[in-house]
Amino acid sequence: MDRRTFLKSTGAGMFLAGGGLAWAKSTARPLPIIPLTDLTGGVEDRVSLALNPASHDFGTGVASETFGINHDYLGPVLKVKQGQTLPFDVANNIGDTSTIHWHGLHIPGDVDGGPHQEIEHGSVWSPDVPIVQHASMNWFHSHMHGKTAQQTYKGLAGVLLIEDDASLSADLPKTYGVDDFTLILQDKMFDGSGKMAYELSAAVFEDGFEGDTLVVNGAIAPVAQTVPTGLVRLRILNACNARFLGLSMETGPVTVIASDGGFLSAPVEAESIVMSPGERYEILVDMSAVETNFLNVNLDGGGGGFFANLFGGNQTTTALSLTRSATNGFDGAMPARLANLEPPKSADATVTRSFQLEMDVGADLAALALAWDNFCGDAGAMAINGQPMKMDRIDEEVRKGDSEIWRISVDDQLHPFHIHGCSFRILSQNGGPPPAYASGWKDMVHVEEGWSEVLVRFDFEATKDAPYMYHCHILEHEDCGMMGQFTVG
Ligand code: C2O
Ligand code: CU
Ligand code: CU
């Protein structure tokens, strides 16, 4: 047994002792509809987001200690419009320093909310965030260096939907909570008493934290929702710390209409889609042909992980059951076209950069797990191009407006790579073409074997005091140093 297999099997034993799978077996709960803050009609006041300690019952019958943003777990769904500037007041009351990063937004580095825009406990961060990009599903989450995993897991995350004139008038389902649903998928671990648990160990540093229980919008899956006959839109975020999720429908294909950074040119049908942590996809489900349908999630979407080893994979669970009812909703047809999306022009690139993600830098992960209070501290246990993340080191300097090719590879395992301040197009993923559903605007790319290459351009400034980040979105890897900083000027 090599070191990694050994760590996995001991880790798995601990997981089974927790008995978390039992929680997943209960009958479906109603889908929680996350409260919507719709600002598309205009922004009159400052937009307040308060990070608070809270408690929340995920469905175990016992309240867990959580963080929430205006709520007891997670944040509101913010719906905004291209062209607006959002005057946020982010108040931090969690008893620890935090940050809120706007993942997916094309905004300058000083309002990006990365690790340099720390918000001390008891203070308020007030960035004016310009929304220049087109319709897309984005999100926000803690980016406190070393503690991103712990804070995001506890609930510091929310969804930010950008609409534009075209999306607001598009012939698509768009009545929130009726035919248009936002789903935040996460995996959780619950201890024997039903409380949410998070504990770092060497194995967890290796794989990232993986829970055995799927949670949708803060409720243990499966969750259930009645919907109108016709097309139903699901805007889905994988907000897991580390798990890749394989999504499929019980009946029919997964019809994808948008990826991280906006609409595809036309709907793409896939038997299943793989979502890494941090990725977003919008799908349409046709409820005119079926009475019920299920969104199923394979918790080993990426292939690896504890359960793949233990049970030979196929740890599939129903996330959401949809049942047709007599309510009125969207009655249009499946759109033939969605957006104008040119193929990526890689010939435009004038600069190529290479990034090697490194897990095995010889750090003693077990000692690290013991030394800190469930966070990675300032440790250099993982690296990119031989350098663990350092707050005071700039790794790359990019010229504003240049088209660049970024090539990413890794020494072991599957990793989701993310770049701040942009949307990019995937030229290749793991040495081959990306799946059709991942060929539109993205800010996440999977990296396992061979090179993954993206074509990217940065249109906003990021100074050395407020640089952008690029990193693995397995949050424990990011915290452990698999992250770098770059300026744009
Ligand atoms: Cu979603 Cu740098 O993060
Ligand atoms: Cu980001
Ligand atoms: Cu990683």
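Predicted model: local features only at pLDDT ≥ 70, side-chain atom pairs only at ≥ 80, totals over all residues.
Since H101 sits in strand β7 (residues 101–103) and H418 in strand β29 (residues 415–419), the pair ties together parts that are 317 residues apart in sequence.

What about H418, buried or exposed? H418 is buried, again with a relative accessible area of 1%.

## The copper ion with a cysteine

Now for the copper ion (ligand 3). Which atoms hold this ion? They are ND1 of H415, SG of C472 and ND1 of H477, at 2.0 to 2.1 Å. If you want to find these donors along the chain, look for the spacing H-x56-C-x4-H.

C472 has 0% relative accessibility, which puts this cysteine under the 20% cut-off for buried. H477 is buried too, with a relative accessible area of 0%.

## Q225 in strand β16

On to a glutamine. Q225 belongs to strand β16, which covers residues 223–227.

Which residues does Q225 touch, leaving aside neighbours within four places in sequence? Its contacts include L31 and I33, along with G177 and F181. Q225 is also in contact with the run L320, S321, L322 and T323.

How values were computed
Residues numbered from 1 in each chain as written. Chains lettered and ligands numbered in written order. Heavy atoms only, no water. Donors = N, O, S within 2.8 Å, 3.2 Å for Na, K, Ca; no water. Buried < 20%, exposed > 50% of the residue type's maximum accessible area, 1.4 Å probe, protein only. Helix = DSSP H or I, 4+ residues; strand = E, 2+ residues; numbered from the N terminus. Contact = heavy atoms within 4.5 Å.
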